[in-house]
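Have a go at each task before you read its solution.

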Amino acid sequence: MQKHLSVAALTGALLVTGLGVTTAPATAASSDIVTVSPSTRLTDTQQLLELINAHRRTKGLAPVKYSATLSQIAQGQSDRLVREEVIDHTDTFMTDPRAGSWNAVGEIHAVSWQVSVHDLMNWWKGSTAHNKVLTDPRMQVIGIGLTYADGSLAGDGDPWRLAGTVASYGYPDGMAPTDARESVTTAPSGSTAPSAPSAPSVTPVGPFVDVPAHHQFAAEVSWVKQRGLLNGWRDGTFRPGLPIERGAMAAVAYRMAGSPGYTAPADSAYRDVAPGDPFYKEIHWAKAQGLLNGWRDGTFRPTTPIARDATAALLYRTAGSPYYSAPATSSFSDLAPGNQFYKEIHWLQASGITTGWKDGTFRPRASTNRDAMSAFLHRFSSR
């Protein structure tokens, strides 16, 4: 595996029935490892466990349980990755006596340039080798190791901020670790230890290098990223101030609907969208659903930014075009009764999805930026 890649995470996976692997010599320093609060580590670990089991459910697989004992093994390996600045495997996860008498075993690593467990999970899901470990039906219990780094490792200056290791195990009946549990934040079965609070559903972390934790819409951007509604670029950016294009918005609507089965027509309905173009299927699906239409000249204009009023109309239609009586007097100084999408914009406001600007305007013809769209989608799903 190449050590340096022009992406936000580096990954390694190993699913074994018994083979030896070796480690590389250390080049970094223990000082690269950053200490975080126990609550941060607990929240991130719980979130990663939930992501893994959500992915397994999509494959019809039983969830895996969490073991603090196995996590000690995984933690040792994630620490090693940072100390040695490597993405490789040793045989420790197989030979460590704390692993017990397993009959199936696998290990996966990922390194993120951000403090985001979603990055780790996205790379594992996108790799055949990693996904094989995640979705192995034999696996029953996992250990999770998370090592936080300073973003500039001593050896080669690698910008790692989070290293993650998952060690997965299957066991004969009755041989699983006694501390196996369904949640990081609950006690093992039969224990009287108190439960810790569950991790929040939306964690306001910095999901992209250009969306830090203090960004106005950090939580909402995290939410759309987690659900695969809006993605970033390979350089780790989200580009929150960039307008979202109509073609990309068709794809978002399609994903919000659960990416349903749909066969796009062989001949395009639009003269500026050809088979094989980005989002060809999603654009035609949106048309078939009556969510996004083209212009009278036969174009769809897929790279044109979607305006705020058109976004209101799209979300109104996505909601099923519910009955709504718009007010006789506009709530916005730049929107009058009779204006295009007057009803849909006021429905958006009444549903708590938008408030407009502090100066009393809605700016219907302004482009909808990617961070604002993230907020719209999150509020739409929570209405």
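Buried means under 20% relative accessible area, exposed over 50%, and partly exposed in between (1.4 Å probe, protein chains only). Strands (E, at least two residues) and helices (H or I, at least four) are DSSP runs, numbered from the N terminus. You're looking at a predicted model, where local features need pLDDT of at least 70, side-chain atom pairs count only at pLDDT 80 or more, and totals for chains, interfaces and linings use all residues. Residues are numbered from 1 along each chain as its sequence is written, and side-chain values use heavy atoms, leaving out hydrogens and water.

**Exercise 1.** Work out which residues of S3 point one way and which the other way.

*Solution.* Start with a general idea: in a regular strand the side chains alternate between the two faces of the sheet. Now go along S3: Ala 104, Gly 106, Ile 108, Ala 110 and Ser 112 point one way. Val 105, Glu 107, His 109 and Val 111 point the other way. Finally, check burial: 9 of the 9 residues of S3 (residues 104-112) are buried, so the strand is largely enclosed by the rest of the structure.

**Exercise 2.** Find the polar contacts that join the side chain of Glu 107 to His 89 and His 109.

*Solution.* First, the cut-off: a polar contact is a pair of N or O atoms within 3.5 Å; within protein, one must be able to donate a hydrogen and the other to accept it, and residues adjacent in sequence count only if both atoms are side-chain atoms. Next, locate Glu 107 in strand S3. Its side chain has a polar contact of 2.6 Å with that of His 89, and one of 3.2 Å with that of His 109.
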